[in-house]
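Me: I would like to learn how to read a helix in a structure. Could you walk me through one?

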Amino acid sequence: MSNSLITDSRIEEEVRKTLAATLRVEADEIDLNASIVKALGATSIDFLDANFRLEATFGIQLATQLLLDHVEEELGEGTAIDEDDKITEAAAALLRSYLGDIPKLVAGLDAHKVPTLVTPMVLVRSVRAITDELPAECTHCSASDWKTSDGAQVACGACGKPAEYPDGDTLTQRWIQEFEREHHLFAGA
Ligand SMILES: [Zn+2]
């Protein structure tokens with residue numbers, strides 16, 4: 001189901017605030033569609049820090065594993081990254097679906113360059129995908145009475161416990177399986 005307690009604009013605002021705090025830039029200078037690495041100079045430590053802050057704000061767990069590593073685990077070794085560490089045709093199509101239609105995203109791109117293509121909007125969509133998995137009922141007391149006081153943390157109106165969402169890695173695995181069922185790009189590749 002979707003989660004109407006948390007608005008898209010709230011998630012965008014938190015991603016801006018988080019990146020601004022992590023990277024020491026002004027929140028309104030952040031272009032949601034520009035590379036976090038190239039435009040904002042983020043390092044992998046900054047990514048971890050930003051993820052940690054977003055997780056605390058929304059009460060979620062973002063994916064810890066890289067998307068292409070997930071693909072290899074779900075669909076087989078060598079399906080996403082070839083022996084020269086370049087992404088395959090199927091992986092490029094999957095990444096375009098996930099990251100947006102970026103011209104550089106074609107087969108043969110160095111796999112280690114993929115994280116440099118992540119934009120703030122990708123973070124927004126990741127938070128959205130998890131929070132949209134709000135269960136119909138509280139897993140503790142079965143009440144259907146979700147509440148939020150800050151537009152980010154959702155808790156049960158009956159027992160007060162925080163909402164339990166599936167984690168980002170689980171959702172990513174599910175999404176990869178759905179993508180492959182729909183497009184059949186990896187099978188036999
Ligand atoms: Zn409850």
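Reply: Happy to! We begin with a term: a residue is called buried if 20 or more other C-beta atoms lie within 10 Å of its own, and exposed if 12 or fewer do. Keep in mind that this is a predicted model.

Me: Which residues of H3 are buried?

Reply: In helix H3, the buried ones are Ala50, Asn51, Leu54 and Phe58. Viewed down the axis of H3, its buried residues fall within an arc of 100 degrees, so they line one face of the helix.

Me: Why can residues that are three or four places apart point the same way?

Reply: An α-helix has 3.6 residues a turn, so residues three or four places apart point the same way. On the other side of H3, Ile45 and Ala56 are exposed.

Me: What covers the buried residues of H3?

Reply: The cover includes helix H1 (8-23) and helix H6 (120-131).

Me: What span should H3 have, at 1.5 Å a residue?

Reply: H3 (residues 44-58) has 15 residues, so it should span 21 Å, and its end C-alpha atoms are 21 Å apart, which agrees. Just after H3, Gly59 has a positive phi of about 65 degrees.

Me: Now for a pair of helices. At roughly what angle do the axes of H4 and H7 cross?

Reply: The axes of H4 (residues 67-75) and H7 (residues 168-183) cross at roughly 65 degrees and come within 10 Å. The crossing is right-handed. Residues making the contact include Leu67 and Val71 of H4 and Ile176 of H7. By class, this contact has four nonpolar, four polar and two charged residues.

Note on methods:
Residues numbered from 1 in each chain as written. Predicted model: local features only at pLDDT ≥ 70, side-chain atom pairs only at ≥ 80, totals over all residues. Axes fitted to C-alpha atoms, helices over the stretch in contact; angles between N-to-C directions. Helix = DSSP H or I, 4+ residues; strand = E, 2+ residues; numbered from the N terminus. Left-handed = near helix turned anticlockwise from the far one by under 90°. Contact = placed C-beta atoms within 7 Å. Nonpolar A, V, L, I, M, F, W, Y, C, P; charged D, E, K, R; others polar. Expected span 1.5 Å × (residues − 1). Arc of directions from axis to C-beta.
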